[in-house]
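This report walks through one protein model.

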Amino acid sequence: MHPTTKAIRIRSEQTNEMEHSSPLYLTSSFTFDNAEEMRAAFADETNDNIYSRFSNPTVQEFTDRMCALEGAESGYATASGMSAVFASFMTFLKKGDHLISCNAIFGSTHTIITKYLPKYGIEFTYVPAGKPEEWKNAIRPNTKMIYIETPTNPGLEIIDLEFAGSLAREYNLILNVDNCFATPVNQTPIQYGADIVLHSATKWLDGQGRVLGGVVVGKKALIHEIYLFCRSSGPALSPFNAWILSRSLETLDVRMERHSSNALYIAQQLENHPKISWLKYPYLKSHPQHAIAIKQMKNGGAIICFDLKGGLESGRKFLNNLKMLSLTANLGDTRSIASHPASTTHAKLTDEERAAVNITPGLIRISVGLEHRDDILNDILQTLEKC
Ligand SMILES: *Cc1c(COP(=O)(O)O)cnc(C)c1O
């Protein structure tokens, strides 16, 4: 079966009611008939559910569907994308280890790497996303993991997964990929050698701005280690959120197709706009890593970013004059969203620090939704008139 079919058809449980839609097991714990059954479950002699911090059938359905989409052996679902990122670091990195990543990564991930990992004696090096030569030079004897996002948020830089995969194999490193921006519909990093793939399920996996969630998938032995860390530390996904997310996965393929075709159309229409100095979208020929994007992504995804010639002030005007697009701290929604990193998520950084992560004063990020493409475009065009 194709991954799309599996994402629709895989189910973990059906009750005696023979319901067609999957049941929701909203329970914190599970009961046993006798002491022997309970002993066997705790001794890992059976696969019985014990407690929803460890496992839950509704959560299992979501992870099974994600494994099918990513081509992964096993998975563990978490309460948010950040708890998935954190669990992947805490499980595999220890004092004295070294991590390689790019500084142009999701803000909270950047904070964990820069601020918290060093507290535990874990070293890191940030390398430029688009310069593979420098990646190799950054490897040290104590390097343990390569952590990447592609496309990056918000700069939409593309990292060559085939290159990252071969580097990880050559030096025996764990390749850990945040696949949030592409989604498994557009890109499957395991096929290029990723050991772990993780997601903020809050974004397109839900796709309707309703629930927070996260998931880590990958090789069975590695995921088992992550499971053991999470089972003790407790970032389990709520069964309710898992139930919502599993329903969403049934439409992920069709949603991503429309998100991507809307985004490509809008990117093409805006590319040469007089108020814009540059515009980036992975599936435009003008993207510096277009060739890699075409190689590893089935579609360009839902995010466009561009720079307003008028800088910071134009960025504010852009947001203030929008009539339909939402101003909200999320992305990956049916509703299109605009954001201006320099005055919001990255406002506390200095100009130099922002430049280092490719955030210009006039950078605008659009998460293209599922509204009619001309309504999204027209709202952007009318606000650009006022910038
Ligand atoms: C949102 C996001 C995260 C964090 O996910 P949460 O669900 O908000 O915790 C991680 N990586 C990327 C690329 C994101 O966009």
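N172 counts as exposed, because its relative accessibility is 70%, above the 50% cut-off. The model is predicted, so local features are described where pLDDT is at least 70. N172 sits in the loop between α7 and β5. Its phi is near 55°, a positive value in a residue other than glycine.

T183 also has a positive phi, near 65°. This residue lies in helix α8 (residues 183-186). T183 is buried, with a relative accessible area of 1%.

Two peptide bonds in the model are cis. One runs from T150 to P151, with omega near -5°. The other joins N153 and P154, with omega about 0°. P151 is placed in the loop between β4 and α7 (161-170). P154 is found in the loop between β4 and α7 as well. Most residues other than glycine have a negative phi, and most peptide bonds are trans.

| Site | Feature | Value |
|---|---|---|
| N172 | positive phi | near 55° |
| T183 | positive phi | near 65° |
| T150 to P151 | cis peptide bond, omega | near -5° |
| N153 to P154 | cis peptide bond, omega | about 0° |

**The sheet**

What is the strand order of the open sheet of 7 strands? The order is β1-β7-β6-β5-β4-β2-β3, with mixed pairing. β1 (74-78) and β3 (123-126) stand at the edges, each with a single partner strand, so one side of each has no neighbour in the sheet. The twist averages 20° from one strand to the next.

Strands of a sheet pair through backbone hydrogen bonds, either parallel or antiparallel. β1 and β7 (residues 214-218) run antiparallel and are joined by 5 bridges. Within this pair, Y76 has V216 of β7 as its bridge partner. β4 and β5 pair in the parallel sense, also over 5 bridges. There, Y147 stands opposite N176 in β5.

Is β5 enclosed or open to the outside? Of its 5 residues, 5 are buried, so β5 is largely enclosed by the rest of the structure. I174, N176 and D178 point one way from the strand, while L175 and V177 point the other way. All of these are buried.

Helix α4 (residues 81-92) lies across β1, β2 (98-101), β4 (143-149), β5 (174-178), β6 (196-200) and β7. The helix runs at about 150° to β6.

**The cores**

In soluble globular proteins, nonpolar side chains tend to be buried together. The largest nonpolar core of this model has 80 residues. Within it, F62, F89, W135, I148 and W204 touch the most other members. Domain 1 (3-249) and domain 2 (252-384) both give residues to this core, so it lies between them. A second, separate core has 25 residues, including F318, L325, I364 and C387.

What does F89 contact, leaving aside its neighbours within four places in sequence? F89 is in contact with L99, T109, I112, I113, L117, M145, Y147 and N176. Y147 and N176 are also the residues that stand opposite each other across β4 and β5.

I364, from the second core, is one of the contacts of S339. S339 lies in strand β11 (residues 337-339). At 12% relative accessibility, S339 counts as buried.

**The domains**

The protein is divided into domain 1 (3-249) and domain 2 (252-384). Their centres, taken over C-alpha atoms, are separated by 27 Å. Across the boundary, 35 residues of domain 1 are in contact with 37 residues of domain 2.

Helix α11 covers residues 252-270 and has 19 residues. From its first C-alpha to its last, α11 reaches 26 Å, close to the 27 Å expected at 1.5 Å a residue.

Technical notes. Residues numbered from 1 in each chain as written. Heavy atoms only, no water. Core = buried A, V, L, I, M, F, W, Y, C linked by side-chain atoms within 4.5 Å. Buried < 20%, exposed > 50% of the residue type's maximum accessible area, 1.4 Å probe, protein only. Domains from an automatic or database assignment. Contact = heavy atoms within 4.5 Å. Helix = DSSP H or I, 4+ residues; strand = E, 2+ residues; numbered from the N terminus. Expected span 1.5 Å × (residues − 1). Pairing = 2+ DSSP bridges. Axes fitted to C-alpha atoms, helices over the stretch in contact; angles between N-to-C directions.
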